[in-house]
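Subject: Structure handover

Hello,

Here is the structure for your files. Please open it alongside this note.

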Amino acid sequence: MLTDSEIVNAIHQMRAMFPEAGTTLKADTTFHFLLATILSAQSTDKSVNMVTPPLFARYPTPESLASAEPEDIEPFIQSLGLYHNKAKYLVKAAQGIVTNFNGEVPHTMKELTSLAGVGRKVANVVLAECFNIPAFPVDTHVSRVARRLGMVKPNATVLQIEKRLKEAVPKDEWLDAHHAMIFFGRYQCTAKNPKCTKCPLLPICKYGRDNVF
Ligand code: SF4
């Protein structure tokens, strides 16, 4: 298992490889960013960005979306996986915002996760990206990279991964580290055929060495 400083050094190398790493979801308001993040479950940011402009134009506010039916939303998002459920989540989340939070997206983990379709990862993304509150969202890329590199045990849960990374990485680097790990997972340490032979982290990566040799 990597030590704290080895984890930080590895993430700094990822950051150096992908200095442009940042959120790739496009949205004009916090409310729309929340919707985009809900839609991104099991879908790429690119595919979400393709469907959101007309959706956002039609439903500019929580109030406008809260009075819609899920069937109204489905045509906008039917190119995404799980679109039946996602349509329900969007409407219910908007209703929750209107009913419980005066039409404003809340900014605590507890309040955010009370909304339909909002789990810990979505809440962490919104807290960090929209409210500048330190958070370390753990998605599929962050999980895979952390496990392969031995930052955590191979069977570590998402919550254990988040806890370990928060322990090791200084708080003011959490969001940058999250972005760097996502880009590294998306383009270098890919789920299938990771580019281990050209990876600067190969010397500290047993998974990679087993894969290469
Ligand atoms: Fe991922 Fe391979 Fe690099 Fe290890 S060596 S971090 S498995 S790309």
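Below is what was found, starting with how to read the values.

This is a predicted model, where local features need pLDDT of at least 70, side-chain atom pairs count only at pLDDT 80 or more, and totals for chains, interfaces and linings use all residues. Residues are numbered from 1 along each chain as its sequence is written, and side-chain values use heavy atoms, with hydrogens and water left out.

The cysteine site

UniProt, in an unreviewed entry, places the feature "binding site" at Cys 189, Cys 196, Cys 199 and Cys 205. UniProt positions are given in the numbering used here, feature names are shortened, and annotations may be inferred rather than shown by experiment. The four span 17 residues in sequence, yet no two of their C-alpha atoms are more than 11.1 Å apart, so they gather at one spot. Cys 189, Cys 196, Cys 199 and Cys 205 are also part of the lining of the largest cavity.

Cys 199 sits in the loop between helix H11 (174-187) and H12. Helices (H or I, at least four residues) are DSSP runs, numbered from the N terminus. Cys 199 is buried, at 16% relative accessible area. Buried means under 20% relative accessible area, exposed over 50%, and partly exposed in between (1.4 Å probe, protein chains only). Not counting residues up to four places away in sequence, Cys 199 touches Phe 184 and Gln 188. Contact here means heavy atoms within 4.5 Å.

Cys 205 lies in the loop between H11 and H12. Its relative accessibility is 10%, which counts as buried. With residues up to four places away in sequence not counted, Cys 205 touches Arg 148 and Leu 149.

Asn 211 belongs to helix H12. It is partly exposed, at 42% relative accessibility. Leaving aside neighbours within four places in sequence, Asn 211 is in contact with Pro 194 and Cys 196.

The cavity

The structure holds one cavity of 30 Å³ or more. About 120 Å³ of space lies in the largest cavity. Of its 15 lining residues, the closest to the centre are Phe 184, Cys 189, Cys 196, Cys 199 and Cys 205. On a 1 Å grid over the protein atoms alone, a cavity is a set of points where a 1.4 Å probe fits but cannot get out; a pocket is an open set with protein on both sides within 12 Å along at least five of seven lines; lining residues have an atom within 4 Å of a point. Grid points are joined across faces, edges and corners, and a volume is the space filled by probe spheres set on the points.

Helix H9 (140-148) and helix H12 (206-212) each supply at least two residues of the cavity lining. By class, that lining has eleven nonpolar, two polar and two charged residues. Ala, Val, Leu, Ile, Met, Phe, Trp, Tyr, Cys and Pro count as nonpolar, Asp, Glu, Lys and Arg as charged, and the others, Gly among them, as polar.

About 840 Å³ of space lies in the largest pocket. Of the 35 residues lining it, the closest to its centre are Ser 40, Ala 41, Ser 43, Lys 121 and Asp 139. H11 gives the largest share of the lining, six residues. By class, the pocket lining has twelve nonpolar, 16 polar and seven charged residues.

Best wishes
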